Amino acid sequence: MDGLREQSLAAIAAATDLAALDAVDAALFGKNGSVLQLVKGVSSLPKEQRPAAGKAANELKVALQAALEARRTALREQVLAADLLAPDFDPTEPGPALPRGTLHPITIVQDELVDLFSAMGFSWQDGPEIETEFFNFDALNIPPEHPARDSMDTFWLQGGHLLRTHTSPVQVRTMLRFPPPLKVIVPGRVFRQETVDASHEHTFYQMEGLVVDRGVSVANLIHTMKTCLQQILRRELQVRLRPGFFPFVEPGFELDVNCPFCSGKGCSVCKHSGWIEILPCGMVHPNVLRAGGLDPEEWTGFAFGMGLQRVVMLRYGIHDIRLFMGGDLRFLRQFDTL
Ligand code: PHE
């Protein structure tokens, strides 16, 4: 056994490259390798010799494996050192490309909108996703018996708290925090107890807009919305207002744009009307100004609540809202603008 040890250690030391070492490894530990044979042979020895012989064989096996490993590490280091010294080694050459993520389409559109509104003098406000009943409803002139408060729509938490159902609560928070005139946008996540389908999600993104100043008019609202929508949807467009009811605006509107898919002629996307509903908006209700500590005789304003998914869907022609949160990378990787 000592002979085998000496021989094997010598063979390991004599291996001058990794291929030679692999050959030694195979000769010792391969199918008919000598160490393996030795271990196997233990069982055919007389019973009283087996324990001592088994122990010795095992020690030899462990020692040779360690020697192989040490030699292998040394040879790898030699190869690396040689590579580094090779005349054609270029340390400035880029390594293998690392896999890189992409921005989510909602993030892309939100960033663009923020830039656009910043250029028009708006500033960004944040508000809490866990809201009080007061800011989500009362301060917005939504009376206790209003159906929007129904537990069907709202995720209620303990102690009169809730997950905000829209970004509008930040309107009054902003009025209470800063003196007018105000021009703010509030991008954020909102929650509703909805059954999820191709056009409804329980968690979605809005961007609230609020302007408060003296003498603000519907004409200002239309101009602002048209300018912004043209840029974000990247086309010349027409807008129209239809009456829409929201307790916190008076008058309230649904703002439509002419259908990009049929240029107004009528198609399945616009349900043959030629128009696509894009966002609700209106003039800030006097009660909301009051809740924000402002005198409605002096101050006026407009507000809008853009559904970001809706804008993204229109811009990219996406037909199922569930794709946004579905986590399918094949969908998400299509928006690589980095
Ligand atoms: N907060 C409303 C909603 O989520 C949208 C809205 C905002 C309507 C501002 C009018 C003015 O449904």
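# A first look at the predicted model

His272 is exposed, with a relative accessible area of 61%. That makes a handy place to start a walk through this structure, which is a predicted model. His272 is found in the loop between β7 and β8.

Is Lys271 buried or exposed? Its relative accessibility is 71%, so Lys271 counts as exposed. Phi of Lys271 is also positive, near 50°, and this residue is not a glycine either.

## The sheet

What is the order of the strands in the open sheet? The seven strands run β1-β4-β5-β9-β8-β7-β6, and their pairing is mixed. The edges are held by β1 (123–124) and β6 (239–243), each of which has a single partner strand, so one side of each is left without a neighbour in the sheet.

Strand β4 covers residues 182–191 and strand β5 covers residues 203–213. The two pair in the antiparallel sense, over ten bridges. To pick out one of these links in the model, look for Ile185, whose bridge partner in β5 is Gly209.

Strand β7 (residues 249–258) holds two residues to look at, Pro251 being one of them. The peptide bond that leads from Glu250 to Pro251 is cis, with omega near -5°. Asp256 also has its place in strand β7. With a relative accessible area of 2%, under the 20% cut-off, Asp256 is buried. The side chain of Asp256 joins that of Arg242 through a polar contact of 2.7 Å.

Pro180 and Pro181 are joined by a cis peptide bond, with omega about 0°. Pro181 itself is found in the loop between α7 (169–177) and β4.

## Around the ligand

Now for the ligand. How many residues surround it? There are 13, and the closest are His166, Ser168, Arg192, Gln206 and Gly305. Three of these residues place a polar side-chain atom by the ligand, as the table shows.

| Residue | Ligand atom | Distance from the polar side-chain atom |
|---|---|---|
| His166 | nitrogen | 2.9 Å |
| Arg192 | oxygen | 2.9 Å |
| Gln206 | oxygen | 2.9 Å |

On its own, the ligand has 330 Å² of accessible area, and the protein covers 92% of this. Which elements give two or more residues to the shell around the ligand? They are β5, β8 (275–284) and β9 (300–307). The largest share, three residues, comes from β9.

The last stop is the aromatic side chains. A pair of aromatic rings is described by the distance of the centres and the angle of the planes. In this model the count comes to eight aromatic pairs. In one of them, the rings of Phe246 and Phe248 have their centres 6.1 Å apart and their planes at 45°, so the pair is tilted. Phe248 is buried, with a relative accessible area of 11%.

Phe331 and Phe335 form an aromatic pair that is edge-to-face, with 5.2 Å from centre to centre and 70° between the planes.

The charged end of Arg173 sits over the ring of Phe135, 4.2 Å from its centre.

Key: Residues numbered from 1 in each chain as written. Predicted model: local features only at pLDDT ≥ 70, side-chain atom pairs only at ≥ 80, totals over all residues. Heavy atoms only, no water. Pairing = 2+ DSSP bridges. Helix = DSSP H or I, 4+ residues; strand = E, 2+ residues; numbered from the N terminus. Phe/Tyr/Trp six-rings, centres within 6.5 Å; stacked < 30°, edge-to-face > 60°. Buried < 20%, exposed > 50% of the residue type's maximum accessible area, 1.4 Å probe, protein only. Lys NZ or Arg CZ within 6 Å of the ring centre and 35° of its normal. Near = heavy atom within 4 Å. Polar contact = N/O pair within 3.5 Å; in protein donor to acceptor, adjacent residues only side chain to side chain. Areas by Shrake-Rupley, 256 points an atom, 1.4 Å probe, with all protein chains shown as cover.
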